[in-house]
Amino acid sequence: MTVYHNNSSRSDGEEQGGPGEQRSSPAHPPFGKKQLPSIPKNAVPITKAASPASSTESANGTHASYGPFYLEYSLLAEFTLVIKQRLPGIYVQPSYRSTLMWFGVIFIRHGLYQDGVFKFTVYIPDNFPDGDCPRVIFDTPVFHPLVDSVSGELDVRRAFIKKKKKKKKKKKKSLTLPPWNLNLKGYDKDFQLFKSKVVDSVKLCNSHLFDQPKIDDPFAISFSPWNPAVHEEAKDKMFAYKRLHKDYNKGPLVSGLSWVKPGSTQPFSKEDIPLQT
Amino acid sequence: MTSMVVNGKRGGQSLVLKGVDPETCMIVFKNHWAQVVKILEKHDPLRSNVGGLGGGHGLGGGGGLASFRFGAIPGDEASAVQNYVEHMLFLLMEEECGQNGAMGPILEFVVMENVLERLFIWSLRREFTDDMKLEQLKMYEMLIGQAKQPLLHHKPVLKPLMMLLSSCSGSPSGPSSSAVETELVLLLNQLCCVLAKDPSVLELFFHTSEDQGAANFLIFSLLIPFIHREGSVGQQARDALLLIMALSAENQVVAKHIAENTYFCPVLATGLSGLYSSLPTKLDVPSEEWHCLHREDWQQLPALVQFLNSLEFCNAVIQVAHPSIRDQLVGYIHNGFLVPVLAPALHKLTLEEVMTTTAYLDLFIRSVSEPALLHTLLSFILLHRHDNVHILDTLVSRINTPFQLGTVSLALFRTLIGLHCEDVMLQLVFKYLIPCNHMMLSQRRVLRERDCYSVSAAKLLALTPSCCSPEVIPPPLRQLDSILWSKGTDGSHIGTMESKEVLSEEDDCGNSCVIGSEIYLDVSYLDYLCDAQNSISHCIRACCVWSAPYDGENPPPEEYQRSTLEEADLTATPGLLELEWDDSYDACPTQPHPEEDQETRPIPDEPPKHIQELRRTAVMIVKGSYIEESEFQNDVMVYDLVAQKDAHDSGNGYHAPSKPTEPAKQEVLDGPVTDQKTANSESLMSNGLSSPLDEMDSKKRGSQSEHKSLEGEDLMAQYEELIRTLGAQHSSPAKADGELKSPTVLMDDEEDEIDFNSFSPETPETEKLPSPFGTKPRSGSRGHAVPFTGPFLSVLLSRLENMPSNSLHVNLLLTGILAQLAAYPQPLLRSFLLNTNMVFQPSVRSLYQVLASVKNQIEQWSANNKDFPELLTAAQHSLLARESSLRADRIKKNPTIQPKTVVPLNETEVYATVLFTEFLKELAAFAQEHSILSYPPTEQ
């Protein structure tokens with residue numbers, strides 16, 4: 001998968017990014033293209049339900065056979081939720097080989113880390129959703145109080161103390177926490193030094209933007225410099241997406257019928273019979 | 001003869017003519033014509049020379065024809081003319097257009113000399129017999145079909161043609177021979193093709209008609225009588241009419257003419273009624289498994305084929321015609337066919353007739369595709385009332401009929417649900433769910449949640465009976481396969497680039513290395529997932545046109561509740577008294593709701609408790625009986641019990657409700673329906689009053705005696721006997737016998753059915769017109785006080801609960817319909833069916849509860865039957881064989897290998913167990929797919 005990054009025309013409002021082409025893999029049902037506006041809408045809270053593992057232990061047999069399906073679908077559901085929440089500037093994509101590993105990239109739009117583009121990988125424990133919290137590891141260790149300077153691992157634990165499920169959202173929040181609120185040894189007094197280190201780190205990360213992906217996977221996120229021959233078409237497609245989507249709904253596949261007037265609960269309440277011929 | 005022209009020359013001479021120069025052709029043509037003219041003039045009474053017969057001679061009417069007959073024309077002269085004409089026509093046909101689309105010289109000559117008109121008059125002068133008509137018709141058919149230049153633009157061609165056509169329309173000599181009709185329709189069809197290609201000709205047709213004083217648009221009027229004709233003539237006529245219909249969409253004048261000046265729409269619609277009346281009123285049902293009319297079935301019935309042809313034609317007309325014609329036709333179909341013909345047919349007196357009509361209705365709905373026509377059919381079902389009961393309510397109540405009417409009704413609902421029609425689903429399901437009364441208040445909040453962690457799926461799968469657990473079942477039935485469940489990248493290559501060493505180490509030490517291991521999985525489950533994904537996405541797409549998401553907020557629960565109540569109050573609800581076969585009736589007559597019962601159900605004497613109990617059991621066993629409690633008089637009951645006993649005696653045991661033996665069936669069938677009719681009329685009159693029961697009794701007795709051969713005097717004795725037998729059964733439900741389950745099972749229904757009873761009086765009437773006036777509160781209106789998910793869902797679940805005793809095909813239908821419902825993305829329905837964590841009102845039975853009950857029945861049964869595992873394996877094999885033979889059928893008729901041991905189909909428990917296990921997988925797959933698909937579909 002290729003994700004291109006248009007440096008020149010990036011704005012806070014609209015971010016371009018996302019899969020240019022969707023490959024289908026046997027294990028993955030096709031996902032929609034991610035088209036993320038800047039403001040998250042309809043973030044649906046999920047109540048924590050008992051996990052299937054615990055609720056069905058009594059039913060011997062069934063769980064063993066279907067357990068992997070539960071895991072797979074829990075992950076897919078999680079992923080759909082990420083799509084639906086439309087977190088601004090964050091894009092994730094499960095790897096081709098496993099739904100337990102997701103590739104991601106975050107575009108920072110304001111604040112200290114503005115203009116930073118950080119790639120990361122999410123590793124989800126195989127006993128999801130009951131296990132430990134997922135690990136988020138930045139390809140290049142960003143200089144950040146919550147990021148391990150050697151491994152690049154983000155400290156996500158604090159976000160998972162109570163609500164494990166909201167990991168995606170929390171992850172983002174923890175990244176944008178104002179650093180001066182944290183007890184950082186050395187830097188709490190010298191904020192300027194901290195700032196300059198951040199700027200350097202952002203530069204360093206961005207200089208590695210076009211590096212090959214760390215992990216060889218067809219769905220790994222890779223950036224390349226703007227190349228009209230490659231990217232123009234994908235960009236056009238992306239902008240045409242909304243229209244396509246509309247047409248798609250009106251296509252011949254639509255087989256449903258309705259004569260209910262919006263707002264009414266009476267059958268055949270539409271005065272004008274719409275003839276869907 | 002011209003026929004020779006037609007037959008003989010098409011192939012042969014065109015080759016000969018090639019290369020012959022146009023001038024030669026012209027000379028030949030003129031020579032021939034000169035010969036013809038000689039003969040023509042010889043017999044012309046007026047002796048006029050050229051073109052002497054103008055338009056004004058009143059040729060159109062049949063009356064004027066005789067005046068041209070002038071002595072007999074010798075046969076040799078007639079045949080000479082024919083020979084010349086043949087050649088001339090051929091030359092004309094073969095002539096190419098002149099330069100710049102001008103007429104070719106021969107055509108010009110034809111026009112100048114008025115050749116065709118003179119030939120027509122010549123044929124009139126001779127006896128204008130069918131043969132002559134045929135000859136002329138064929139001539140034009142050939143000319144129009146094969147001429148290389150447009151002919152109809154020229155009045156001298158068009159006019160005699162119109163004269164010919166009018167002479168065919170009002171033929172005074174009675175109906176024309178079939179040969180003439182065939183040829184006429186063929187010619188008309190051809191003309192319509194020309195019209196369709198070149199609408200400018202249309203004007204000419206209208207004008208020429210006016211000239212002749214004949215009916216406007218003669219071509220069209222001539223076709224109407226053939227609309228419903230069978231065979232190829234009818235088909236050609238309908239094709240031709242369709243071409244004109246398509247023209248009407250573009251041409252206001254044509255549309256107006258058809259709608260206002262012709263009988264097209266009424267003929268078409270009332271013709272349906274005529275054709276319907278010739279359909280068999282009872283079908284020869286091939287097997288007990290049969291539940292709907294497939295192509296193989298209806299192709300055997302010529303009357304039905306003809307009806308479907310006409311229906312298909314209506315569908316096509318509605319598709320292409322101008323809206324004014326469409327609306328008119330749809331109106332006539334409703335008022336001229338559905339209401340006066342189909343509605344009474346759905347309420348005939350015998351089960352077979354009603355079943356047949358239901359199967360027809362199902363077939364009709366499946367045969368039409370145009371939204372406007374579906375609108376008509378569906379609004380008839382949903383809104384029309386027959387004897388003050390909505391057709392839909394009657395149909396729903398029949399689901400619970402034992403016998404084939406029940407399965408045929410199920411099949412009809414399968415069709416209806418498959419339409420993805422909001423109006424249908426609203427009336428059937430959603431209007432009962434919108435108020436959200438069926439769930440605890442706290443649950444409304446979580447209504448829209450999806451099964452994100454596969455909890456519901458796991459709970460559903462955990463209901464798998466222990467005898468069917470994946471470990472127990474041997475291959476190949478258990479299609480286990482190893483799937484490489486990798487939990488990271490393969491680890492073979494960690495990125496090729498050199499980068500931060502730390503990171504690649506990190507990768508190596510556990511995040512992306514091969515954790516993947518081989519896990520054995522139920523591979524068939526993948527197919528269920530795939531199917532579920534397809535049907536859910538299809539359903540989501542189809543429901544895009546719906547007006548509301550039905551998510552517990554839109555439509556708002558509170559609003560709907562209020563309006564429903566008002567509406568319910570508005571009309572004097574006849575309640576369920578008219579409903580046949582309603583589950584709510586036989587379900588629980590001994591749970592009277594105090595006020596309601598005094599109002600509507602006068603009970604003469606309170607029988608002893610054990611009798612009440614017994615009655616309930618009996619009624620529940622004999623589900624076929626339609627009995628309102630107050631009507632539940634001894635004779636009816638005895639009658640049913642006797643039928644039931646017969647069934648028992650003949651060895652069917654406890655399966656009797658779903659598959660009684662033939663004689664018992666016959667008797668029961670005719671009996672209760674009639675009773676019910678009587679009861680209906682009685683209860684209509686006596687609704688809310690305490691009725692003279694004795695009179696009713698005697699009436700019912702009378703009606704029964706007409707239909708049954710049972711001796712009335714024995715009834716009481718048999719009743720007593722039955723009470724003993726059944727009572728004994730009921731009191732010892734622990735017997736390790738196939739029969740033991742029914743009381744237990746049915747008692748489980750009890751709580752479910754209580755609310756049926758109390759709610760139903762309000763439910764069928766919720767779609768009344770809104771009241772312009774205030775409404776007075778209705779006493780005992782507990783419609784929404786008692787949670788209820790509607791008769792349809794309740795009946796489905798109650799039949800599902802009987803899964804172990806249902807026959808295989810009933811269970812296939814039931815699970816199929818539930819799977820259809822489970823594909824709907826609307827949170828109200830999805831949460832009701834698939835969310836196993838939802839907490840519903842105690843009186844509401846959820847799918848999960850019903851499934852759990854079925855599981856328990858199966859577990860009990862399998863525990864008590866030591867040969868169950870073998871039977872189960874054999875049943876699985878025969879179901880597999882059935883499936884592969886069905887698949888083979890679809891591809892080509894190729895018999896597949898039959899399994900060695902065939903479990904008899906009456907081992908319903910065995911088949912039900914297999915089916916149940918598969919159904920759980922299906923439902924779990926739906927739950928899982930919903931969790932990731934319940935968003936508007938994104939790009940494929």
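Predicted model: local features only at pLDDT ≥ 70, side-chain atom pairs only at ≥ 80, totals over all residues.
**Reading aromatic pairs and confidence**

Me: Are Y113(A) and F118(A) buried or exposed in this model?

Reply: Both residues are buried (under 20% relative accessible area; exposed is over 50%, partly exposed in between; 1.4 Å probe, protein chains only). Residues are numbered from 1 along each chain as written, chains are lettered from A and ligands numbered from 1 in written order, and side-chain values use heavy atoms, without hydrogens or water.

Me: How do I read an aromatic pair, and how many are found over all chains?

Reply: A pair is described by the distance of the ring centres and the angle of the planes. The whole structure has 33 such pairs over all chains (Phe, Tyr or Trp six-membered rings, centres within 6.5 Å; planes under 30 degrees apart are stacked, over 60 edge-to-face, the rest tilted). Y113(A) and F118(A) have centres 6.4 Å apart and planes at 80 degrees, so they are edge-to-face.

Me: Which pair do F118(A) and F138(A) make?

Reply: Their centres are 6.2 Å apart and their planes at 90 degrees, so this pair is edge-to-face. It links distant parts of chain A: F118(A) in strand β3 (residues 117-123) and F138(A) in strand β4 (residues 135-138), 20 residues apart (strands are DSSP E runs of at least two residues, numbered from the N terminus). Both F118(A) and F138(A) are buried.

Me: Where in chain B does pLDDT stay under 50?

Reply: Residues 562-720 of chain B stay under 50, with 294 contacts (heavy atoms within 4.5 Å) beyond four places in sequence. Residues 722-784 of chain B are also below 50. The mean pLDDT of chain B is 70, and 61% of its residues reach 70 or more.

Notes: Helix = DSSP H or I, 4+ residues; strand = E, 2+ residues; numbered from the N terminus. pLDDT = per-residue confidence, 0-100.
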